[in-house]
Amino acid sequence: MDRVNFRTQILTRHLQTHQTTTTTTTDLLNTAPCVSYTPPELSEPSPNFDTTSLRKLLDGQSVEDIDYIFNLMIQSSLFCPRERGGKVFIAPDFNQSMEQQREMTMRRIDYLREKGAFDGWFDKKGPEGDLWRFAQAESVSVFDHSLGIKLGVHFFLWGGAIRFMGTKRHHDKWYKPTETYEVKGCFAMTELGHGSNVRGIETITRYDASTGEFIINTPCESAQKYWIGGAANHATHTVVFSQLEINGVNQGVHAFIAQIRDENGNVCPNIRIADCGHKIGLNGVDNGRIWFDNLRIPRENLLNSVADVSPDGQYLSAIKDPDQRFAAFLAPLTSGRVTIAASSMNTTKIGLATAIRYSLSRRAFSIRPNEPEVLLLDYPSHQRRLLPLLAKTYALSFASNYLKMIYVKRTPESIKTVHVVSSALKAVLTWHCMRTLQECREACGGQGLKTENHVGHLKSEYDVQLTFEGDNNVLMQQISKALLAEFLAAKKRNKPIRGLGLEHLNKPAPIIPCHLTSSTLRTTQFQTDIFCLRERDLLHRFVSEVSQHQAQGESKDHIFTVTYQTAEDLGRAFSDRLILQTYLDVEATVPEGPLKSVLGLMRSMYTTIVLEEDASFLRYGYLSTDNAAVVRKEVLKLCSELRPHALSLVSSFGIPDAFLAPIAFNWVDANAWSSI
């Protein structure tokens, strides 16, 4: 009511002024001060922790490699530099046609190649080599997701298939032309009729022993290869995934190298290619469709790390079980999920850095008469929108780094862990990215609609990642199946469970206090206990549900179909517990001091916001309604404590100003008449 009275008084004075004064309209306008821009660096507290050290925790040993690629892009006119508000920004020109965007993507790749950005791509060995490759891919995606995808298809999918599915004969023949782009590769797995279900693809390949050739055929329209990045315009070769039939026996899915264009760019005989057309985003990638009309390829073009076919047509494999062979065949392709998870964090950081910087200079409404308008981020509601997402982004970034490390240090024994963790984090991180971009778009108001300000447009550019390399909901169910298998295997052996972080199941169930307090919510013991309690309870529930359906004689496939709700809840519980553990591991490496204190604040924000937002904590009784109310209040308290660190935390992302948006800086000058 006080607010209503205040506004009524203002309106009354305004009307009285117009009735009694003879002041001209020009004088009235001149009495109102114009809105001006003040850099948040001048008004915000100086960092009380070392931002360089925090960035080091985010980017690790890849800082120099990332900055090198950033600088290469900033230096070239191919990356569309333009001055706005006294700063130079680089971003793709999305006003270009689809064809122009595709051409620009290839020109940028050629520029980076000429600058040596990809030199030694296949020569760099060990974990350091893999981390360098990830750094290259992540860096270019900060500029343009199309550029990152186009490079990823060529080097990680086509090149990765050659590297991991092939053997020495393939490495010797294809490594060098792939690195120099003499060969432009693509990856033909997805079909019109089959995406996530790779085992169901319909392309068929048979062997002709009389000529020593494989014959690849698209038997029906649903078998056409679909969404194949690079196929529509530029790719010269592809890795084709196909059922392999030998002597009338289907040996399952295998991969083959096929040429689809000649050196002049003409489509090869027995190949048909069509364009997938305009998309809601990623129009710098030429997605295409491919049909094979009894295409003949040499026997040596079978990628034979897992299985081979002899010249006389005998099928050879050391792995006799088809399920194990299929798993071994696809295991190396996990790198795709690793890069997707990592790039999603960079996209999230761009959105948050833009929205938070804008909220530290944009004002709206006065709280009291004759006082300045209030900064957006000084409103508790605005803090609640952005700061939990900021803390969660740090938590998920640390988890992404953990995923990269277990991938680059993988062993045959750890392949299962890498698969499960990559499935979990690919889903959770991409979901978080899309949710964050939407919140940032809304938090920027109308400015969030402008393409040049990134946050709105990035949603359509990034949307594909929620289903690319596995539908996120399907991945959640896959995680639960893996956890179920581990649990049942340990029970069958009558041994403690080991692996996937499930060792906590060997201990007594944690006991959660009946009455939560702020101090309790911030302890690592409580945070770990309630995340572990949720995971173990949901796993036991899932085991019980599956067992009940099995007792009724239902098939395994049907059982997993009808238990999907518990499976998805369990997948999220596993993911959240994993993310918390990786955060605690990072935090443990930091000595006592201001940085550790800020990390502790963000950890508490991450765990508390998960408690508040995930309905499973109330649904299954891990939190009472009274304790849920305590959690809700704690979120607001943590927001107010993180507020002074907001600028320092987004600055620690290490993203150069040129990659952000005009509204992240002087948005007044950027929109001035003189800038048109």
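T205 is buried, because its relative accessible area is 0%, and under 20% counts as buried. The structure is a predicted model.

**T205**

- T205 is part of strand β4, which covers residues 204–208.
- Beyond the neighbours within four places in sequence, T205 has contacts with F214, I215, I216, S242, Q243, L244, E245 and F256.
- Between T205 and Y358 there are 153 residues of separation in sequence, and their C-alpha atoms are 56 Å apart in space.

**I511**

- I511 sits in a loop, with α15 (472–493) and α16 (518–521) on either side of that loop.
- Is I511 buried or exposed? I511 counts as exposed because its relative accessibility is 74%, and the cut-off for exposed is over 50%.
- I216, one of the residues in contact with T205, is 60 Å from I511, C-alpha to C-alpha. In sequence, I511 and I216 are 295 residues apart.

**Helix α12**

- Helix α12 runs through residues 380–408 and has 29 residues.
- From the first C-alpha of α12 to the last, the span is 42 Å, close to the 42 Å expected at 1.5 Å a residue.
- Where is α12 kinked? The kink lies at L386, shortly before the proline P388, and is about 25°.
- Of the 29 residues in α12, 23 are buried, so the helix is mostly covered.

**The sheet of β6, β10 and β9**

- Three strands form an open sheet in the order β6-β10-β9, and the pairing is antiparallel.
- β6 (225–229) and β9 (271–275) are the edge strands, and each of them pairs on one side only.
- On average, neighbouring strands in this sheet are turned by 35° against each other, with direction ignored.
- The antiparallel pairing of β9 with β10 (residues 287–292) extends over 5 bridges.
- R272 has W291 of β10 opposite it.

**Helices α19 and α20**

- Two packed helices are described by the angle between their axes and the distance between the axes.
- The axis of α19 (residues 564–587) comes within 11 Å of the axis of α20 (residues 594–613), and the two cross at roughly 175°.
- On the α19 side, the contact is made by D576, I579, L580, Y583, L584 and E587.
- On the α20 side, the contact residues are K596, L599, G600, M602, R603, Y606, T607 and V610.

How values were computed. Residues are numbered from 1 along each chain as its sequence is written. This is a predicted model: local features need pLDDT of at least 70, side-chain atom pairs count only at pLDDT 80 or more; totals for chains, interfaces and linings use all residues. Side-chain values use heavy atoms; hydrogens and water are left out. Helices (H or I, at least four residues) and strands (E, at least two) are DSSP runs, numbered from the N terminus. The expected span of a helix is 1.5 Å times one less than its number of residues. The bend at a residue is the angle between axes fitted to the seven residues ending there and the seven starting there. Buried means under 20% relative accessible area, exposed over 50%, partly exposed in between (1.4 Å probe, protein chains only). Two strands pair if DSSP finds at least two bridges between them. Axes are lines fitted to C-alpha atoms, for helices over the stretch in contact, and angles run from 0 to 180 degrees between N-to-C directions. Contact means heavy atoms within 4.5 Å.
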